[in-house]
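Please look over the sequence and the structure below before reading on. The paragraphs after them walk through the fold.

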Amino acid sequence: MSTKLHRNQSAFIDQIYCLLDKYLDHSVAVVNVDWLAVQLGMPRRTLYRRVKSHIQLTPVELIRQCRLRKVVELLRAGHTITETAYRTGFSSPSHLTTVFRQYYQQTPTEYMATRT
């Protein structure tokens, strides 16, 4: 029974990751917790509880983390910060840099310099 429950939890989180990956290039104003709740057909509060119980992140943190992982992926592939910002739904390169710095404690440029 616990295996079935684990698969259901995994399927739920996988569904979220698929949605986010598909729509990540939409602006932060479009892809948010309310949008995600509508896509999953559940109230915002239920989404919050389910995500938090499965992966110990809030939906906002999950969305931000997905965006930032995609940022790192695009930067490693050689895309510029400006191009990466718009391809991951940030309103501007400076907004991307601010959020990136909050999460990684360094700018995207500094991050990439330490990874090469």
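The model is predicted, so local features need pLDDT of at least 70 and side-chain atom pairs count only at pLDDT 80 or more, while totals for chains, interfaces and linings use all residues. Residues are numbered from 1 along each chain as its sequence is written, and side-chain values use heavy atoms, with hydrogens and water left out.

The largest nonpolar core has 18 residues. A nonpolar core is a set of buried Ala, Val, Leu, Ile, Met, Phe, Trp, Tyr and Cys residues joined through side-chain atoms within 4.5 Å; buried means under 20% relative accessible area, with a 1.4 Å probe and protein chains only. At least two of its residues come from each of α1 (2-23), α2 (33-40), α3 (44-55) and α4 (59-76), where helices are DSSP runs (H or I) of at least four residues, numbered from the N terminus. Among the members touching the most others are Phe12, Ile16 and Leu62. Leaving aside residues up to four places away in sequence, Ile16 is in contact (heavy atoms within 4.5 Å) with Leu36, Leu40, Leu47, Val51 and Leu62.

Helix α4 also holds Gln65, which counts as buried because its relative accessibility is 12%. Beyond residues up to four places away in sequence, Gln65 touches Tyr17, Leu57 and Tyr103.

Further along, Val72, Leu75 and Arg76 of α4 meet Pro108, Tyr111, Met112 and Arg115 of α7.

Conventions
Buried means under 20% relative accessible area, exposed over 50%, partly exposed in between (1.4 Å probe, protein chains only).
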